[in-house]
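Subject: Structure handover

Hello,

Here is the structure I promised to pass on. Please open it beside this message and follow along.

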Amino acid sequence: MFNYVIDDELVLKLLMPEHARQMFALVERSRLRLRQWLPWVDGVTEQAHIASFIQNAAKQGSENGGFTAGLWVRDELAGIIGYHQIDWQSRSVGIGYWLGEGYEGHGYMTSACRVFIDYALLEMELNRIEIRCATGNKASRAIPERLGFVFEGVLRQSEKLPGGYVNHAVYGLLRSEWKLLG
């Protein structure tokens, strides 16, 4: 089971069914901010929706398609990070993430992304990692920029959100470009 201690306050843990209550509560507390950038938020109206998400993430993980983890700050669930479906033929994967209200601006997600990048490139021996986020989501875009990803372009009207279509900034990182943090 994936369980990674980043520092005294931040731990990554594989999402488990018993985390559904805490994850639903985090979505509820953060709903107004999250729905601005994530299309699934309005469809999550009860804890069972989160339980289903966790079950699907576990299934994906068991089929060697990546995994999803919770970010725990001082034993409280602060956000989620996960691999999208791995393309084993091309040896590439996307990373998706979100933080709950009040946890932004502390470097938690940047630290979690570093762990996920190291794991993808070293343990899974992948070659390419991609991060996509809405062009207007400056906080989310700052993470791949801080980590040395290359801005590869914009996908126009790539995603429909409650406020309308948004463009996605696409960032890529190749194994040969990643400076492993020893």
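Below is what turned up, region by region.

First, a caution: this is a predicted model.

**The annotated span**

The UniProt annotation "domain: N-acetyltransferase" covers residues 10-176, and it comes from an unreviewed entry. In the model, that span is 34% helix and 34% strand. Its end C-alpha atoms lie 28 Å apart.

**Aromatic rings**

The count of aromatic pairs comes to 6. One of them joins Phe 67 and Phe 116. Their ring centres are 5.3 Å apart, with 50 degrees between the planes, and the pair is tilted. This pair links distant parts of the chain. Phe 67 sits in the loop between α2 (47-62) and β3 (68-73). Phe 116 belongs to helix α3, residues 108-123.

Stacked would need planes under 30 degrees apart, and edge-to-face over 60. Tyr 83 is in strand β4 (residues 76-83), 33 residues from Phe 116 in the chain, and again distant parts are linked. Tyr 83 is buried, as is Phe 116.

Which residues make up the aromatic cluster? Phe 67, Tyr 83, Phe 116 and Tyr 119 form one cluster.

Lys 13 lies over the face of Trp 72, at 4.9 Å from the ring centre.

**Strand pairing around β8**

Strand β8 (residues 164-174) pairs with β6 (residues 128-134). The sense is antiparallel, over 7 bridges. Arg 132 has Val 170 in β8 as its bridge partner.

β8 also pairs with β7 (residues 150-161), again antiparallel, over 8 bridges. In that pairing, Val 150 is the bridge partner of Gly 172 in β8. β7 and β8 form a hairpin, with 2 residues between them.

Is Thr 110 buried or exposed? It is buried, because its relative accessible area is 5% and the cut-off for buried is under 20%. Leaving aside neighbours within four places in sequence, Thr 110 is in contact with Ile 143, Arg 146 and Leu 147.

Arg 146 falls in helix α4, residues 138-146. Lys 138 lies in that helix too. Lys 138 is exposed, at 69% relative accessible area. Its C-alpha atom is separated by 17 Å from that of Ser 158, which is 20 residues away along the chain.

Please look at two backbone positions.

- Asp 75 has phi near 70 degrees, a positive value in a residue other than glycine. Asp 75 is in the loop between β3 and β4. It is exposed, with a relative accessible area of 67%.
- Gln 157 has a positive phi of about 40 degrees, and it is not a glycine either. Gln 157 is in strand β7, the strand that forms the hairpin with β8. Why does Gln 157 count as exposed? Its relative accessibility is 55%, and exposed means over 50%.

Best wishes

Note on methods:
Residues numbered from 1 in each chain as written. Predicted model: local features only at pLDDT ≥ 70, side-chain atom pairs only at ≥ 80, totals over all residues. Heavy atoms only, no water. UniProt positions renumbered as here; feature names shortened; annotations may be inferred. Helix = DSSP H or I, 4+ residues; strand = E, 2+ residues; numbered from the N terminus. Phe/Tyr/Trp six-rings, centres within 6.5 Å; stacked < 30°, edge-to-face > 60°. Buried < 20%, exposed > 50% of the residue type's maximum accessible area, 1.4 Å probe, protein only. Lys NZ or Arg CZ within 6 Å of the ring centre and 35° of its normal. Pairing = 2+ DSSP bridges. Contact = heavy atoms within 4.5 Å.
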